[in-house]
Amino acid sequence: METPNRSGASVTTAASPRELAHPTRDEIRLEGVLHALSDPVRLRVVRELATAEAELSCSYFDLPVTKSTSTHHFRVLRENGVIRQVYRGTAKMNGVRRDDLDALFPGLLDSVLTAAAGEAARLGTG
């Protein structure tokens with residue numbers, strides 16, 4: 001079953017509670033990706049995931065927000081096709097959907113990550 005997310009893109013509904021809904025590559029929209037990356041907390045998550053050599057669990061991140069807000073940020077990233085989340089045991093593991101994003105929007109992710117790194121260096125925030 002497909003339902004629209006807040007950006008208007010369809011998200012395939014998961015078949016079970018342990019299976020998370022993700023948009024297919026064709027369902028990912030530029031405006032949704034840009035929306036997902038426009039929040040500083042979500043951008044921080046994507047920056048860390050992009051430099052990680054493996055998937056990272058949600059609990060890996062020390063975010064300056066409540067647990068429910070953190071969950072919301074991960075959901076926005078997943079529903080807009082920026083990250084893929086899967087359960088591994090009891091942990092929800094996260095990884096950037098680089099192949100899909102690079103195929104749809106060549107250079108976008110690298111440009112955003114480079115700009116974010118430059119801004120963090122300029123502001124002394126990481």
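In the predicted model, the side chains of Gln 85 and Arg 78 are joined by a polar contact of 2.8 Å. Gln 85 belongs to strand E4, which covers residues 83-88. With a relative accessible area of 2%, Gln 85 is buried, because the cut-off for this class is under 20%. Apart from neighbours within four places in sequence, the residues in contact with Gln 85 are Leu 20, His 22, Cys 58, Phe 74, Arg 78, Lys 92, Met 93 and Asn 94.

Phe 74 also takes part in a cluster with Tyr 60 and Phe 61, linked by ring pairs. Two aromatic pairs are present in the structure. In the pair formed by Tyr 60 and Phe 61, the ring centres are 5.3 Å apart and the planes stand at 90 degrees, so the arrangement is edge-to-face. Tyr 60 has a relative accessibility of 49% and is therefore partly exposed, whereas Phe 61, at 8%, is buried.

Helix H2 comprises 12 residues, 40-51. The distance from its first C-alpha to its last is 17 Å, close to the 16 Å expected at 1.5 Å a residue. At the N-terminal end, H2 is capped by Asp 39, with a side-chain oxygen 2.8 Å from the backbone nitrogen of Val 41. Val 41 is itself one of the buried residues of H2, together with Arg 42, Leu 43, Val 45, Val 46 and Leu 49. These buried residues pack against helices H1 (30-37), H3 (67-79) and H5 (108-123), and against strands E3 (56-57), E4 and E5 (91-96).

Terms used: Residues are numbered from 1 along each chain as its sequence is written. This is a predicted model: local features need pLDDT of at least 70, side-chain atom pairs count only at pLDDT 80 or more; totals for chains, interfaces and linings use all residues. Side-chain values use heavy atoms; hydrogens and water are left out. Helices (H or I, at least four residues) and strands (E, at least two) are DSSP runs, numbered from the N terminus. Buried means under 20% relative accessible area, exposed over 50%, partly exposed in between (1.4 Å probe, protein chains only). A polar contact is a pair of N or O atoms within 3.5 Å; within protein, one must be able to donate a hydrogen and the other to accept it, and residues adjacent in sequence count only if both atoms are side-chain atoms. Contact means heavy atoms within 4.5 Å. Rings of Phe, Tyr and Trp (its six-membered ring) pair if their centres lie within 6.5 Å; planes under 30 degrees apart count as stacked, over 60 as edge-to-face and the rest as tilted. The expected span of a helix is 1.5 Å times one less than its number of residues.
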